[in-house]
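Thanks for making time this morning.

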Amino acid sequence: MGSGILSEKVLRFLFTAVVLLLVFNIASYGSTPDRPILPDTLHHNDTTITFSKDTLEIDRIFIVGNRKTKERIILRELSFQKGSILTAAELLMHLENDQSKLLNLRLFNVVEFNPVEIGAGKVVVVLRVNERWYFFPVPLFELVDRNFNDWWVNRDRDLSRVNYGVRLYQENFRGRNERIRATARFGFANLFDLQYAIPNIGNKQQHGASIKIDYSDFNAIAFRSIDHVPEFYESEKTLRSSRGLSLGYNYRKSFYDFHFLEMGFRDNRINDTIAVLNPDFFLDGRTRQQYFHMTYRFLREKRNFISYPLRGYYLRFELSKLGLGIYDDLDWFSATFTYAKYWDLKKDYYLSNYSSIFISGPEIQPYQNLRGMGLGSDFVRGYELFFIESQNFMINKTTFKKKIFSYTKEFKRTPLEQFRYVPLSIFLKTYTDIGYGANLTNYANNDLLSDKFLLGSGLGLDIVTFYDMVLRLEYSFTIEGDSGFFFHIKREF
């Protein structure tokens with residue numbers, strides 16, 4: 001990869017990343033066994049259920065409330081079946097784990113198990129679900145910028161910097177957990193896309209497939225960054241267009257392990273003006289970028305509830321290659337490792353930790369394809385206003401929280417059953433994040449926060465309600481002495 005200086009920087013980066021992972025995550029990986037401490041009796045709805053025998057046989061499984069969802073989709077998530085022989089403690093463990101798995105399908109608002117003994121040692125398991133509303137025509141009114149805080153501060157709350165349109169979601173298509181999404185978006189960035197995914201193919205439902213087609217054009221784009229703040233250029237003409245097609249395959253042999261493989265093609269074009277303003281946009285002043293791409297992703301998902309996890313862990317590893325040798329426009333690769341751990345400390349106290357390591361190459365990369373801290377969950381809290389472009393970066397985030405309010409209200413008179421249950425939980429939290437990003441050789445204008453450790457800490461409130469909505473109110477301080485209020489509409493990690 002070039003000079004000895006670069007090699008030294010990479011080695012220092014990797015060494016520090018490994019040490020951080022060891023300290024914060026890997027040591028705790030085995031501290032919580034996959035099998036919880038097993039009780040002697042079953043607890044359900046604040047009552048204790050006892051059985052006449054220590055060994056139980058599952059006589060039947062009744063599913064109630066699945067008006068659309070096929071039974072086989074639900075049974076796929078169960079760790080037991082008709083005829084299974086279990087102890088009472090094992091049955092409780094399975095019911096708790098299976099409830100999390102069913103909720104993580106995001107098909108149901110409520111999942112409740114009720115085991116009933118019908119004879120000496122014979123149990124009927126009644127599973128009641130409340131299905132979600134599966135079709136959503138969602139009006140789009142979204143900011144052009146990376147997040148609300150970027151728009152509020154860096155863009156002076158400019159109301160013209162919005163995209164509008166409509167996005168159609170059809171979840172659980174045909175009752176088989178298939179998903180269809182279509183988008184028509186206008187404004188700064190016009191976008192049309194169509195996605196279809198079927199995750200459960202075959203008798204064992206271990207295989208899945210997906211397809212995505214998209215087209216977009218932009219008359220305002222970020223063409224470069226100064227001190228980690230993207231600069232935009234606007235025109236009545238189309239400044240950038242992009243077309244893409246991708247096909248995906250997924251494999252799920254066990255309950256918790258997922259493998260994804262995606263291959264596709266993308267064709268990007270820019271106006272001559274952008275190539276003049278930033279010759280590194282596609283590198284060498286090019287105005288077109290074509291490439292085939294391939295991504296492999298492994299996911300181990302053992303969180304109790306994906307939308308707002310409080311127990312369990314999550315592991316993700318991804319390898320991505322843009323440019324497979326057919327075109328010479330791009331030759332880029334990346335490797336990403338992410339691990340998050342969640343502890344239930346009892347008495348409504350919780351602790352969570354998240355680590356992410358990103359490595360990419362080559363040393364010189366197009367501005368169009370840059371990654372870094374400031375996208376998705378990969379940012380240090382307190383630095384939301386910056387996109388810190390990095391060839392390699394690492395982040396560690398720790399949150400300690402206390403649940404101060406939790407309530408679920410059932411509105412029985414609501415005509416649509418899918419909206420009768422409205423949960424609301426509020427968490428008070430404190431957090432500390434650390435990050436480090438290695439700058440790229442061809443981006444000297446972005447060294448304000450690169451090649452140095454970043455530290456952010458603060459206090460906040462999380463408001464969690466129905467249909468996976470999480471509102472985060474945070475006040476953060478940074479090691480540089482800056483502070484500010486930040487608002488997010490998604491879980492922290």
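Predicted model: local features only at pLDDT ≥ 70, side-chain atom pairs only at ≥ 80, totals over all residues.

Residues are numbered from 1 along each chain as its sequence is written, and side-chain values use heavy atoms, with hydrogens and water left out.

Back to the cavities, then. On a 1 Å grid over the protein atoms alone, a cavity is a set of points where a 1.4 Å probe fits but cannot get out, whereas a pocket is an open set with protein on both sides within 12 Å along at least five of seven lines, and lining residues have an atom within 4 Å of a point. Points are joined across faces, edges and corners, and the volume is the space filled by probe spheres set on them. By this rule there are four cavities of 30 Å³ or more. The largest cavity has a volume of about 50 Å³, and its lining consists of Tyr308, Pro309, Tyr342, Ser352, Lys401, Arg491, Glu492 and Phe493.

The second largest pocket holds about 280 Å³ of space. Its lining has 19 residues, and those nearest its centre are Gly382, Leu385, Ser483, Gly484 and Phe486. Helices (H or I, at least four residues) and strands (E, at least two) are DSSP runs numbered from the N terminus, and helix H4 (148-154), strand S25 (469-478) and strand S26 (483-488) each supply at least two residues of this lining.

As for the overall fold, the protein has five helices and 26 strands. Taking buried as under 20% relative accessible area, exposed as over 50% and partly exposed as in between (1.4 Å probe, protein chains only), 45% of the 493 residues count as buried. If contact means heavy atoms within 4.5 Å, then residues 24 or more positions apart account for 61% of the contacts with a separation of 6 or more.

Now to the backbone, where two residues other than glycine have positive phi. Arginine 106, with phi near 60°, lies in the loop between helix H3 (88-104) and strand S5 (108-119), and is partly exposed at a relative accessible area of 33%. Asparagine 177, with phi near 65°, sits in the loop between strand S8 (162-173) and strand S9 (178-187), and counts as buried at 7% relative accessibility.

And which peptide bond is cis, with omega near 10°? That is the bond from glycine 361 to proline 362, and proline 362 belongs to the loop between strand S19 (349-361) and strand S20 (372-373).

Finally, aspartate 59 is found in strand S3 (residues 55-64). Leaving aside residues up to four places away in sequence, aspartate 59 touches Lys82, Ile118, Lys122, Val123 and Val124.
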